[in-house]
Amino acid sequence: MDRANPNHFGAGPAQLPTAVLQQAAKELINYEGLGLGIGEISHRSKEAGQVIEDAKKHLGELLKIPDTHEVFFMQGGGTTGFSSIASNMAAASVGRSGQVKVGAYVVTGSWSAKAAQEAERLGVPTEVVVDTKKMTGKYGSIPATSEWVGKIDVRKHSYVYLCENETVHGVEWPEVPQELVRTGVPVVADLSSDILSRRINVDQYDVIMAGAQKNIGLAGLTLYVVRKIFLENIKKVPEAELLDQGLPVTPIANHFPTVVANNSAYNTIPIFTLRIMDLVFVHLLKRGGLDVQQRENEEKARVIYGALDQFSDFYNVPVDIPARSKMNVVFTIKKQGLDDEFLKQAKELGLTGLKGHRSVGGFRASLYNAVELRSVRLLADFVTKFAKDHA
């Protein structure tokens, strides 16, 4: 039931706090003295219902979620999330205005690009208003808001979608632009890989979606925070009307109002996975909440970026400084033929999960909440020594 503290930098499924896993392991055998493990109890039992309510409560405390927003959970991850968002928000637009409007996508990396492609594939009217790869030849920046926010129009667009942290390309929005909020177009954001890493103002978002497996739990479950008015708007629209308008009908298990009406248990929610998420929420609250976690995450990012920048003739960090992710640090070695040796030596020191995404190569150090500052300092020391040894 114990383990040495890992120094794991994998992008997901990611490292979790050992104390959380130890408690979860006990509960997998016998939960609350029931004689059954938490994975064996009915998703509609009193005990399961309490797990759902506790998770909603603790998430609300961490994020300071206002009464205007509803919290719920659905099976799946980010891909299921952006699929369900497209169809639900298209329906909400019809319910709100009686019109079929266009989903606007701000593409700053591969995940927001996939979200836009999926919306279009489903038959939801879609417009990519920003694509940084087309603008600059690569992902690695976030254009100034003034360059694109004028394209967002409440009369035309049903929502605007962004991925707040792009895990593959190491790009993170420092905050939701105020100019975007002021357009009045609903703001939809994928926070899968930076959820609970810092303080945010939930009222600036109309939909938050976050898969669990990167920063807050195991794969297979996604949390949603949705402004309640959109749930009412979705319910207004008969399915026949959506079909007549050429819009997709959302699968029932992903239909936001149905999920909320059944307290996230319309189908068999993975209660063990949700319990781990709640244990993570409680762990963060005990540590002092998001202000404490944000300070630690900022220091972790400062340490590793500082080491890489010190040897800028040896390492390449391909992301503009203002857009650098505090969760996923991506970099390459400028000299050819050293990648395998870097990973080999890192592994010998117990530094794992550093290989970059297959689509971009190089290296990626994911600094999620459970990765300790001690681990990041060990990595920074190795980065420094490797550069000196191979200069």
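Contact means heavy atoms within 4.5 Å. This report uses that term for a predicted model, in which local features need pLDDT of at least 70, side-chain atom pairs count only at pLDDT 80 or more, and totals for chains, interfaces and linings use all residues. Residues are numbered from 1 along each chain as its sequence is written, and side-chain values use heavy atoms, with hydrogens and water left out.

Tyrosine 105 lies in strand 3 (residues 102-107). Strands (E, at least two residues) and helices (H or I, at least four residues) are DSSP runs, numbered from the N terminus. Is tyrosine 105 buried or exposed? Tyrosine 105 has 1% relative accessibility, so it counts as buried. Buried means under 20% relative accessible area, exposed means over 50%, and partly exposed is in between (1.4 Å probe, protein chains only).

Leaving aside neighbours within four places in sequence, tyrosine 105 is in contact with several residues, including Ala86, Ser112, Thr126, Val128 and Tyr161. Valine 128 is 23 residues away along the chain, yet the two C-alpha atoms are separated by 4.7 Å. Tyr159 is also one of the contacts. The side chains of tyrosine 105 and tyrosine 159 make a polar contact of 2.6 Å. A polar contact is a pair of N or O atoms within 3.5 Å; within protein, one must be able to donate a hydrogen and the other to accept it, and residues adjacent in sequence count only if both atoms are side-chain atoms.

Seven of the seven residues of strand 10 (residues 221-227) are buried, so the strand is largely enclosed by the rest of the structure. Leu221, Leu223, Val225 and Arg227 point one way. Thr222, Tyr224 and Val226 point the other way. In a regular strand the side chains alternate between the two faces of the sheet.

Two strands pair if DSSP finds at least two bridges between them. Strand 10 pairs with strand 2 (residues 69-75) in the antiparallel sense, over seven bridges. There, glutamine 75 stands opposite leucine 221. Strand 9 (residues 207-211) also runs antiparallel to strand 10, joined by five bridges. Here methionine 209 stands opposite tyrosine 224.

Three strands form an open sheet in the order 11-12-14, with antiparallel pairing. Strand 11 (315-316) and strand 14 stand at the edges with a single partner strand each, so one side of each is left without a neighbour in the sheet. Strands of a sheet pair through backbone hydrogen bonds, either parallel or antiparallel.

How many bridges join strand 11 to strand 12? Two bridges join them. Tyrosine 315 has isoleucine 333 as its bridge partner in strand 12. Strand 12 (residues 328-333) pairs with strand 14 over four bridges. Serine 366 of strand 14 is the bridge partner of asparagine 328. From strand 14 (residues 363-366), Phe363 and Ala365 point one way, Arg364 and Ser366 point the other, and all are buried.

## Aromatic pairs

The structure holds 15 aromatic pairs. In the pair of phenylalanine 314 and tyrosine 315, the ring centres are 4.8 Å apart and the planes are at 85°, so the pair is edge-to-face. Rings of Phe, Tyr and Trp (its six-membered ring) pair if their centres lie within 6.5 Å; planes under 30 degrees apart count as stacked, over 60 as edge-to-face and the rest as tilted. Phenylalanine 314 is buried, at 5% relative accessible area. Tyrosine 315 is buried too, at 2%.

Phenylalanine 342 and phenylalanine 382 form a tilted pair, 4.9 Å centre to centre with 50° between the planes. Phenylalanine 342 lies in helix 12 (residues 339-348) and phenylalanine 382 in helix 13 (residues 373-389), so the pair ties together parts that are 40 residues apart in sequence. Both residues are buried. Ring pairs link Phe314, Tyr315, Phe331, Phe342, Phe363, Phe382 and Phe386 into a cluster.

Lysine 56 is found in helix 2 (residues 46-63). This lysine is buried, with a relative accessible area of 18%. Beyond residues up to four places away in sequence, lysine 56 touches Glu70, Val71, Phe73 and Asn263.

Arginine 121 is in helix 4 (residues 110-122). Arginine 121 is exposed, at 61% relative accessible area. Its side chain is joined to that of glutamate 118 by a polar contact of 2.8 Å.
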